[in-house]
Amino acid sequence: MNTFKLTYGTMFNPPEELHQRYDQALLKTKSILGLEHAMLIDGKEVFASYKFADYNPANTDLLLGTFQKGDASHANLALSAARKAFPIWSHIKWQDRLVLLRKAADLIDERLYEIGAVLSLEVGKNRMEALGDIAETADLIRYSCLQMEKNNGFIIPMGKDPVSGFETQNTSVMRPYGVWLVISPFNFPFALTGGPAGAALAAGNTIVIKPATDTPWVVRLMMDCFRDAGIPSGVFNYVTGPGSTLGQALIESPEVDGITFTGSYPVGMKIFRDFANGRYIRPTILELGGKNPVIVSRNADLDKASIGIIRSAFGLQGQKCSAASRVFIEDEVYDDLTDRLKILTEKLIVGDPTDRSVYIGPVVNKNAFEEFKTYTSELGKHGKFLTGGNVLSENEFRKGYFCLPTFVTDLPLDHHLWKQEMFLPITTIARVSSINEAMKLANDVDYGLTAGFYGAEEETDWFFDQIQAGVTYANRPQGATTGAWPGFQPFGGWKGSGSTGKNSGGNYYLLQYMHEQIHTIVK
Ligand code: NDP
């Protein structure tokens, strides 16, 4: 019996078989690099006149594949295919829709290693992070199916009107909106496409998906799972190309009935405003950035705190919306903890993320690499590097975007980088005189995604009560601010980190993909 369940909480201690299967899949994947991949619209492979290349961020000489640079005409084609498929898909019995979606989730599980290898090559994720992203997607899809089932398709008998002489029957029915748009980011390209897509489809919507330009391949592999599971043509459509043109055309189309966008705060706010220009209000699920704090009290277990902070600060090179980007440490334990953070960080291996021993891969693209240099140059002038602060040169690492994991101390608390998401392996640390001061600073940002606390058990209620964030953890060595999982820690943000207050992979998520209709029959 397989007793190992891969989640972000268990990924630090995998069985040997997992490594063997990943290595085999990687070899196989390396034999199919450089191919051209099509968009998928109405079940057909569609090619555009212009293409774009997808390179490996660990070695920019390595061409992974060529993809279609879709434009407004492809946006319209995909939206009409989804519109045409909506009456059919929404009228299939919900139980039958779930059979197909569960099949897709099983196919994702079956192809875990092959897709994981592509994900490592495309994003620069280490093997465990890559496999986690895929496994989470299958669980997210299953979680939406489970919610549909648990709520009996959201068909609920209501009270009978107290009208004498008549018998009334009232029923609440949750029904799908229509055509749902899913726009996803590069960092969790599988889960943050598949999670919303699974929810939209389970609810009976049809979908158009636009992945990030850095991650078209892995999302195409998800489309293959949907197709091979037997989800009908036109129910899901996949277009690739720039957010600024193709993405914008999708946002501006009146054919979109609802949207889930996961990405940065500035792009999310633009989408929110542009989408509001339609003829009426449509559901807008936005999952945006973070500036996640960790508070360490004088009563903390510093072994747990140091490992949890490092995992969350530098997992996926700090390119997680949930990354620990600010650490506030009570004076009494500041020196001890910062010493530990320095020692542990300098032990992390930076390199090719497909290599088993490597924890830190490259950042995703040249832009991110250049931003790391700009930020560290500024941070070096105003604060001190506890460790890191540099990129690796081409001599050291051929042609990859490798940046050293960086902790910054002594940065004045009014410096703007305390409040701005950098989305890189850079975390700032401050000494505070009390946990109340730490809490004030922790909440003094426009974001409210995740947060972590290390301290005495009696202090945890205070932390949960005071902190302004959607996913919060206390005394967790597996990750101070990272590592959510559907059904365990549903994921979503407060304030500028999210628009709905209903976390993905949780009890209240699926309902957002349906609107209510009341049926009253007088007999
Ligand atoms: P971006 O905001 O740059 O891009 C996200 C997606 O939006 C991409 O597919 C992009 O396409 C597309 N896009 C860009 N401009 C437009 C536009 N005008 N209209 C429509 N679509 C557009 O984010 P990143 O991919 O860089 O991802 C990182 C960000 O995502 C971070 O801020 C991170 O915190 C956040 N995030 C939030 C999560 C959450 O759950 N709250 C989870 C994961 C990440 P293209 O790639 O072609 O530009």
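Tutor: In this predicted model, Arg142 forms a salt bridge with Asp109, and the closest N and O atoms are 2.6 Å apart. A salt bridge here is a side-chain nitrogen of Lys or Arg within 4 Å of a carboxyl oxygen of Asp or Glu. This pair links distant parts of the chain, since Arg142 is in helix H5 and Asp109 in helix H3, 33 residues apart. Helices (H or I, at least four residues) are DSSP runs, numbered from the N terminus. Residues are numbered from 1 along each chain as its sequence is written. Local features need pLDDT of at least 70 and side-chain atom pairs pLDDT 80 or more, while totals for chains, interfaces and linings use all residues, and side-chain values use heavy atoms, with hydrogens and water left out.

Arg142 also forms a salt bridge with Asp106, where the closest N and O atoms are 3.0 Å apart. Asp106 lies in helix H3 (residues 94-110) and Arg142 in helix H5 (residues 127-150), so this pair ties together parts that are 36 residues apart in sequence. As for accessibility, Arg142 is partly exposed, with a relative accessible area of 24%; Asp109 is partly exposed at 33%, and Asp106 is partly exposed at 39%. Partly exposed lies between buried (under 20% relative accessible area) and exposed (over 50%), using a 1.4 Å probe and protein chains only.

Another such pair is Asp303 and Arg340, whose closest N and O atoms are 2.6 Å apart. Asp303 counts as exposed at 52% relative accessibility, whereas Arg340 counts as partly exposed at 28%.

Definitions and conventions: Helices (H or I, at least four residues) and strands (E, at least two) are DSSP runs, numbered from the N terminus.
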